[in-house]
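Hi everyone, thanks for making time this morning. I'd like to walk you through one model, so please have a look at it while I talk.

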Amino acid sequence: MSDKRLKRQKLKENLFNKRRLIILNEDTFEETFSLKLTLMNVFVVASLGAIIITFITTFIIAFTPLREFIPGYSSSKLKRDATELALKSDSLTRALKKNEAYIKSIQKVLTGELEFAKFNKDSILSETDEVTPKVKMAASKEEMELREQVAKEEKKKSSQKNK
């Protein structure tokens, strides 16, 4: 135990003993700059400096256009352009489907498969609308059994808590 105490005491003395940092002019040996320091002061200043530099670097990268140079991080302009192009391609796809349906119906009229009196532009456009399939929203037998089982377990837990 005494060895540990002695080591701690020596460490404490070394950390808080004052030392002098002197900068001398090499030609004249004139003292240019002098500073009294402890090892603890040096450690605290170095730690704070490292933390400040980290925060400044993070801030610069996160809030300036430099973030675009990080691999995998795309620019906001690129994202905006991609969204606009996706919307345009969707609308062009819809327009293409409508035009194809219109051309097919005209071909039917020209080949005589369809009478001219039955030809209507609105009926052609309604053919291009995509029909969404109806989804059955009713619960299955297995799901109903699971719900009943969970409800029973919850009742058991609540009755055990009340006791």
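**A walk along the chain**

Let's start with burial: of the 163 residues of the chain, 4% count as buried, where buried means under 20% relative accessible area, exposed means over 50% and partly exposed is in between, with a 1.4 Å probe and protein chains only. Before going on, a word on the ground rules: this is a predicted model, in which local features need pLDDT of at least 70 and side-chain atom pairs count only at pLDDT 80 or more, while totals for chains, interfaces and linings use all residues. Residues are numbered from 1 along each chain as its sequence is written, and side-chain values use heavy atoms, with hydrogens and water left out.

How confident is the predictor? The mean pLDDT of the chain is 84, and 85% of its residues reach 70 or more; pLDDT is the predictor's confidence in each residue, from 0 to 100.

Now the layout. There are five helices and two strands, and along the sequence they follow the pattern α-β-β-α-α-α-α. For these I use DSSP runs, numbered from the N terminus: H or I of at least four residues for helices, E of at least two for strands. The accessible surface of the chain comes to about 15,700 Å², and 60% of that belongs to carbon and sulfur atoms; those areas come from the Shrake-Rupley method with a 1.4 Å probe, and for residues only the protein chains shown count as cover. If we take contacts between residues at least 6 apart in sequence, 17% join residues at least 24 apart, a contact being heavy atoms within 4.5 Å.

Let me turn to helix α3, residues 76-111. Its 36 residues reach 52 Å from the first C-alpha to the last, close to the 52 Å expected at 1.5 Å a residue. That expected span is 1.5 Å times one less than the number of residues. After α3 comes Gly112, with a positive phi near 90°.

Helix α5, residues 141-162, passes the length check too: its 22 residues should span 32 Å, and its end C-alpha atoms are 32 Å apart. How many of the residues of α5 are buried? The number is zero, so α5 lies largely in the open.

On to salt bridges, meaning a side-chain nitrogen of Lys or Arg within 4 Å of a carboxyl oxygen of Asp or Glu. The count comes to two. One joins Asp81 to Lys77, with the closest N and O atoms 3.1 Å apart. These two residues sit four apart in helix α3, so about one helical turn separates them. Asp81 is partly exposed at 29% relative accessible area, whereas Lys77 is exposed at 52%.

The other pairs Arg147 with Glu143, at 2.7 Å between the closest N and O atoms. Here again the residues are four apart, this time in helix α5, about one helical turn. Arg147 is partly exposed at 48%, and Glu143 is partly exposed at 34%. As a reminder, an α-helix has 3.6 residues a turn, so residues three or four places apart point the same way.

What about aromatic rings? A search of the whole structure finds one aromatic pair. The ring centres of Phe59 and Phe63 are 5.0 Å apart and the planes meet at 50°, so the pair is tilted. For the cut-offs, rings of Phe, Tyr and Trp (its six-membered ring) pair if their centres lie within 6.5 Å, with planes under 30 degrees apart stacked, over 60 edge-to-face and the rest tilted. Both residues lie in helix α2, four residues apart, about one turn. Phe59 is exposed at 53%, and Phe63 is exposed at 60%.

Finally, two loop residues. Thr38 is in the loop between β2 (31-37) and α2, and is buried with a relative accessible area of 9%. Leaving out residues up to four places away in sequence, Thr38 touches Leu15, Phe16, Asn17 and Lys18. Phe29, in the loop between β1 (19-24) and β2, is exposed at 64%. Its phi is near 55°, a positive value in a residue other than glycine. Most residues other than glycine have a negative phi.

Thanks, and I'm happy to take questions.
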